[in-house]
Amino acid sequence: MIPLPRNVARSDGRWHPGAASPQVSRGAQDAADLAREVLGYVPDLALDGAGDPEGYRLHVGHDGAELRAATVAGLQHGIATLRQLGQDGSVPCVDIDDAPHLPWRGALLDVARWYFPIDYLRRFVDVLALHKLNRFHLHLTDDQGWRIEITRYPRLTSIGSRRAGSQVGHARDGVINDVPHGGYYTQDELRGLVRYAAARGVEIVPEIDFPGHTTAAIAAHPELGNGATPDVSRRWGVHTTVLNAQPQTEQFCKNVLDEVMDVFPSPWVHLGGDECPTDEWVAAPHRAYELGLDPARLQAWFTDELVAHVRSRGRTAIVWDEAVHAGLDPDTVAMAWRDAVQGERAGDLGHRVIMTPQQRTYFDWYQDDGPDEPLAIHGLTTLADVFGFDPGDVLGTQGMLWTEYLPTPAAVDYMAFPRLAALADIAWSGPGAPDLLDRLRDHQSLLAALGVHGRPIP
Ligand code: TNX
């Protein structure tokens, strides 16, 4: 099983689910619906308020199965376990007592570099739930596309969701085609996705990346920028086009965030904050000077404003590690991507940390150095590198699927697996759980049955 449950006691025989009517305790009806849908049967389901908030206890005997948990989340995870246990219409007799190692176990999908159909996002949720991954970080905006409808600012999608072409081959070769690309999600579609994910124990965490990675927004609203009037970008890489941090721009961002928080009930909102060059602020420093700041400090100031806004709405902000600075609201969660040292630094400043060091969790990097791998961004993060990852005593970790070089669902699946399954094992079962390679090998047939084709493990 992936991830490996904490305590498993196998006994002889198998249970053959039949038509017997299950006992479903009050509050567990949604879990019963989920079981019927993904398992084809409903075990007895009990919410007994006991134990870890995401844990569950499963008993499978010859004549039935019973799942007990403190919360609906625990039942959802128990259903994921049953999904992995059952084959050929029967389930082995077993007693399992299980709970997660880390509370935040996620995956990021970048839908800004390429638009992916909403059906694929639902399939992605199914696969996360199967691995007991409970956070789906949706990277919704970037230089190459704005993908969420904001009713107050329709140009963000009418202009910002479309680009005139895309990079061909590797960015270092500098070739750009003129094949238009675009797409965005309506708020209704996203609300539907949120409900679908919640029913499976997955929370969708939206990211709107500020104040860098905003070329698409500035293309739609040049008044947000520092004088340049860019097109939605057709190339990958760090862009110097950034928000101007004027009061109207700050208000714009808050209005956008209000709609985002209305669509996504998640207590967490990711404000981005990575890779924000200060060139434009240095060249036109009037706003920084008006605030009495060195232009290099403008990002920290801007981050503080948006963090406070999110907090005033009762939510907690998450930022990339570059946006962590002395004086940042300590409630803010740091997502450490440059390396683990950035996470330790943020931890020392009192922040909760999600460890996503690129060297271990960036699944857009090559997974093998052989000649047959599809073109990737750079780097090498082998399955063995993931096996050796210990996120430490932190809030959690995520597998990261940036999509510059992953333009299709099949490309994402290939890069995600088996590495994301291995990371799910680390996040739920803890680093170093036994027989991971063998378990991943066995796991491939279940993934294939769901239409997920990763890099094969021979
Ligand atoms: C860095 S990770 C970025 C992304 C890229 C990624 C590619 C981060 C916060 N910023 O914009 O897609 O590298 O690996």
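Modeller: Let's begin with axes: these are lines fitted to C-alpha atoms, for helices over the stretch in contact, and angles run from 0 to 180 degrees between N-to-C directions. Keep in mind that this is a predicted model, where local features need pLDDT of at least 70, side-chain atom pairs count only at pLDDT 80 or more, and totals for chains, interfaces and linings use all residues. Residues are numbered from 1 along each chain as its sequence is written, and side-chain values use heavy atoms, with hydrogens and water left out.

Biologist: Okay, at what angle do the axes of H3 and H14 cross?

Modeller: In general, two packed helices are described by the angle between their axes and the distance between the axes. Here, the axes of H3 and H14 (residues 409-416) come within 11 Å and cross at roughly 20°. That makes H3 roughly parallel to H14; angles under 35 degrees count as roughly parallel, over 145 as roughly antiparallel, 65 to 115 as roughly perpendicular and the rest as oblique. As for names, helices (H or I, at least four residues) and strands (E, at least two) are DSSP runs, numbered from the N terminus.

Biologist: Which residues make the contact of H3 with H14?

Modeller: Contact means heavy atoms within 4.5 Å. From H3 you get Tyr120, Arg123 and Phe124, and from H14 you get Pro409, Val412 and Asp413. Sorted by class, that's 4 nonpolar, no polar and 2 charged. The classes go like this: Ala, Val, Leu, Ile, Met, Phe, Trp, Tyr, Cys and Pro are nonpolar, Asp, Glu, Lys and Arg are charged, and the others, Gly among them, are polar.

Biologist: And how does H2 cross H3?

Modeller: The axes of H2 (residues 72-85) and H3 come within 9 Å and cross at roughly 90°. So H2 is roughly perpendicular to H3. Ala80, Arg83 and Gln84 of H2 meet Asp126, Ala129 and Leu130 of H3. This contact has 3 nonpolar, 1 polar and 2 charged residues.

Biologist: How many residues of H3 are buried?

Modeller: Buried means under 20% relative accessible area, exposed over 50%, partly exposed in between (1.4 Å probe, protein chains only). In H3, 11 of the 13 residues are buried, so the helix is largely enclosed by the rest of the structure.

Biologist: Last one: where is Pro418, and what kind of peptide bond joins Phe417 and Pro418?

Modeller: Pro418 is in the loop between H14 and H15. The bond joining Phe417 and Pro418 is cis, with omega about 10°. Another cis peptide bond runs from Ile2 to Pro3, with omega near -5°, and Pro3 lies in the segment before strand S1 (7-15).
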